[in-house]
Amino acid sequence: MLNRQRIPFLATGHFFISAILFPVRNSFLFVAMIPLASAFVLTATPRSITRSLQAGAPSLPQQGQPATNVPPQQAAPPPGVPPQVAQQPPVHTGPVIVIDPAHGGTDTGARGQSGVIEKDLVLLMARITRYALEREGFRVVMTRNDDSNPSYDDRAAIANAYRDVIFISFHISSTGTPNTAWAYFYQFSQTPPNASAITANANTLPITPPRTTSLLGWEEAQRPFTAASHHLADILQADLTLRFSGSPAAASGVAVRGLRSVAGPAVAIELSNVAVSDANQLVAMAAPVATAVVHSITATRPPGGQSGIPGTR
Amino acid sequence: MPRNLKITLAILSVAVLIGLISLRSLHRRITGLKENPTSEEQARRELLATTTSAPTDARTQARIFWAAGPDRIAPVQVALALSADPVKRGKQVLNELITDAPAADQRTLPADAVVLGFYILPDGTAIADFSEALASEMPSGILSEQMAVDSIKSTLENNVPGLSRLKILIHGQEVETLAGHVDLTGFFDLNPLSAQTPSAPAGNPTPSGTKK
């Protein structure tokens, strides 16, 4: 079976080929052989190795790691292994779970004095949650799987590409009671968001006409799903409260920008906080949070089952 | 000694004397600045604060909402000379919210933030314009940003009558988020008529004390 153990073997082969060709490096043969040797090594490396690395046990994020949105269930079976019924990937007829590790790139998010950086921890948390969800048969897509920083709209667009989707965004706060977890859903104002043209000069304020179209605007894509998001956030918060004492009993309605343009049930989870003296305290919260996410989603939307969330598609 | 050389030496001597006098005064000013470090934002706030209260303003008990723990806010009774004009009154209570927190850990808005403007439209929409420090010095996180917004909302609701909704601007411009999380592109409802889902950090505030 092709796995990580073969990588050192291939690397050693590459080294020997390079060593043999070193004395003749100025010759035409050397120039011709280098691409051939490289091509040999590259073609000998199966794509499944890359996939198994990306979908294997979660590891701390690394700089420059390529993004992937392909769930491991879609990977081809390793060569030499006959297909078995037990190893067939589950059929995904339930919702697609889009996991959103907040921040990334130059946007580090909250930073603790002990060196805790929000963007790295939420990525780790997202990978652990993805692993837990995939084990339950859910199809999972991540908005980022590296140190990139997609815009709010790019993240929402990934979710909105699917007809039936649940969006989970991970955050870590810089304040709040340590070792608590909060679930949020987007709460819209009762008044329409027509303030885009407002300036500080009250004399020049335009009167924006009310919307007359029945089409749903991108900026308000979350509005029809507010009840569904609230329902999911409450279930999630109840589970989180059982695992982290001191957490609130009910989910909070807050205008979290990252949720506004998602056309589906969307919640944000925020853990407290980056001010801990040891980053392991936050890392230790990742597995219980992942379990809480799996439980809450399974309670409302079992894979392949019917929606238990009001207002879902 | 030639006459021209004498004149040149005299001019140079006068210039050196003036330079020495200037250096002494410059040194005194630098020493003074070191003793009283005042940021540009603080200087602007002091300048604006002097214009927000008038001798005719009546002294009343204002309810200012500061942090009452790591994840909740609560009102504190503060004796303030508040104007009868809602616009001036709004600016006064927001200045109080920023500048006079009872303790550092009760602060919900950055100390360097400045209320650049406060306006009320005929429909009851309040527009609060803050300096960039509100966004740039705000601790990152949904909880901290929501506590900041809730403290502004609750302070205005409890001290300025007739407001229906709030729009927060940064340096006269609409911004996408406060510090990366809470959406500032829309309005925040003030004095909602019907019971709504509480926005948790400020939910069910209880009086936590009296100041002054």
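Predicted model: local features only at pLDDT ≥ 70, side-chain atom pairs only at ≥ 80, totals over all residues.
**Figure 1. Chain A, overall make-up.** Chain A holds seven helices and six strands. Read from the N terminus, its elements follow the order α-α-α-β-α-β-α-β-β-α-β-β-α. Of the 313 residues in chain A, 38% are buried.

**Figure 2. The open sheet of chain A.** Six strands of chain A line up in the order S2-S1-S3-S6-S4-S5, with mixed pairing. The edges are taken by strand S2 (139-142) and strand S5 (252-254) of chain A. Each has a single partner strand, so one side of each lacks a neighbour in the sheet. On average, neighbouring strands of this sheet are turned by 30 degrees against each other, direction ignored.

Figure 3. Strands of a sheet pair through backbone hydrogen bonds, in a parallel or an antiparallel way. Here strand S4 (residues 180-186) and strand S6 (residues 266-272) of chain A are antiparallel, joined over five bridges. One bridge puts Ala183(A) with its partner Ile269(A) in S6(A). Helix H6 (residues 226-243) of chain A packs on the sheet and touches S4, S5 and S6 of chain A. The direction of H6(A) makes about 175 degrees with that of S4(A).

**Figure 4. Helix H4 of chain A.** Helix H4 of chain A covers residues 118-135. How far apart should its ends be? At 1.5 Å a residue, the 18 residues should span 26 Å; the end C-alpha atoms are 26 Å apart, so the two values agree. H4(A) is mostly covered, with 14 of its 18 residues buried. Gly137(A) follows the helix and has a positive phi, near 95 degrees.

**Figure 5. Helices H4 and H7 of chain A where they cross.** Two packed helices are described by the angle and the distance between their axes. The axes of H4(A) and helix H7 (residues 279-300) of chain A come within 9 Å and cross at roughly 40 degrees. The crossing of H4(A) and H7(A) is right-handed. On the H4(A) side, the contact residues include Leu121(A), Leu124(A), Met125(A) and Ile128(A). On the H7(A) side, they include Leu282(A), Val283(A), Ala286(A) and Ala287(A). By class, the residues of this contact are 14 nonpolar, two polar and no charged.

**Figure 6. Chain B against chain A.** At this interface, 34 residues of chain B are in contact with 33 residues of chain A. On the chain B side, two or more residues each come from strand S3 (115-120), strand S4 (125-130), helix H5 (142-159), strand S5 (165-170) and strand S6 (188-189) of chain B. H5(B) gives the largest share of this side, four residues. The side of chain B that touches chain A has 13 nonpolar, 13 polar and eight charged residues.

**Figure 7. The open sheet of chain B.** Four strands of chain B form a sheet in the order S3-S4-S5-S6, and the pairing is mixed. S3 and S6 of chain B stand at the edges with a single partner strand each, so one side of each has no neighbour in the sheet. S5(B) and S6(B) pair in the antiparallel sense over two bridges. Leu166(B) stands opposite Phe188(B) in S6(B). Helix H3 (residues 86-99) of chain B lies across S3 and S4 of chain B, at about 145 degrees to S3(B).

Methods: Residues numbered from 1 in each chain as written. Chains lettered and ligands numbered in written order. Pairing = 2+ DSSP bridges. Axes fitted to C-alpha atoms, helices over the stretch in contact; angles between N-to-C directions. Contact = placed C-beta atoms within 7 Å. Buried ≥ 20, exposed ≤ 12 C-beta atoms within 10 Å, placed from the backbone. Expected span 1.5 Å × (residues − 1). Left-handed = near helix turned anticlockwise from the far one by under 90°. Nonpolar A, V, L, I, M, F, W, Y, C, P; charged D, E, K, R; others polar.
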